[in-house]
Amino acid sequence: MKHFKKPMSGFTLIELLVVLAIIGLLAGLVGPQVMKHLGSSKTKAAKVQIEDLAGALDMYRMDVGRYPSTEEGLKSLVEKPANARSWNGPYLRKNNVPQDPWVYDYHYASPGEHGRFDIYSLGADNAPGGEGEDQDVNSWE
């Protein structure tokens, strides 16, 4: 009775290296596209938040008769300012002023340079100007 050894099954080193190279190529091609869309989605989220803040400011104005001053800021949407008699807030759902998607505070000025008020985010770099994810997002464009 002869005992035959079964051939060992598995992958060769060459086969594993080919698979790893293919995965690396796919990651190199797909990764940057995913990151580009992630950055543009943060910009879109900032635009939506700015529109929501502008709507809350309009409701504040209907109740109080004016927009909050620059000094009172956006916090007057959740906390009653001392000189706002007919304040009927809070005007934001979660009772706090949201930060932009890059976790910076929104900038607010009233009266604004571009309208009755200006709300803007400076983007990922938190500096004026920039392109892509670093671009400014504002209420007047």
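**Exercise 1. At its relative accessibility, does glutamate 72 count as buried or exposed? Identify also the partner with which glutamate 72 forms a salt bridge.**

*Solution.* The model is predicted: local features need pLDDT of at least 70, side-chain atom pairs count only at pLDDT 80 or more, and totals for chains, interfaces and linings use all residues. Residues are numbered from 1 along each chain as its sequence is written, and side-chain values use heavy atoms, with hydrogens and water left out.

Step 1. Apply the accessibility classes: buried means under 20% relative accessible area, exposed over 50%, and partly exposed in between (1.4 Å probe, protein chains only). Glutamate 72 has 14% relative accessibility and therefore counts as buried.

Step 2. Apply the salt-bridge criterion, a side-chain nitrogen of Lys or Arg within 4 Å of a carboxyl oxygen of Asp or Glu. The count comes to 1 salt bridge. Glutamate 72 is bridged to arginine 66, with 3.0 Å between the closest N and O atoms. Arginine 66, at 27% relative accessibility, counts as partly exposed.

**Exercise 2. Describe the geometry of the aromatic pair formed by tryptophan 87 and tyrosine 91.**

*Solution.* Step 1. State the rule: rings of Phe, Tyr and Trp (its six-membered ring) pair if their centres lie within 6.5 Å; planes under 30 degrees apart count as stacked, over 60 as edge-to-face and the rest as tilted.

Step 1. In one of them, tryptophan 87 and tyrosine 91 lie 5.7 Å apart centre to centre with 85° between the planes, an edge-to-face arrangement.

**Exercise 3. Determine which elements the chain contains and how its radius of gyration relates to the globule rule.**

*Solution.* Step 1. Helices (H or I, at least four residues) and strands (E, at least two) are DSSP runs, numbered from the N terminus. The chain has 1 helix and 3 strands, in the order α-β-β-β from the N terminus on.

Step 1. The radius of gyration is taken over C-alpha atoms, and the globule rule is 2.2 Å times the number of residues to the power 0.38. The chain's radius of gyration is 27 Å, well over the 14 Å that the rule gives for 141 residues, so the chain is more spread out than a compact globule.

Step 2. Along the principal axes, the C-alpha atoms fill a box of roughly 105 × 35 × 20 Å. Of the 141 residues, 26% count as buried.
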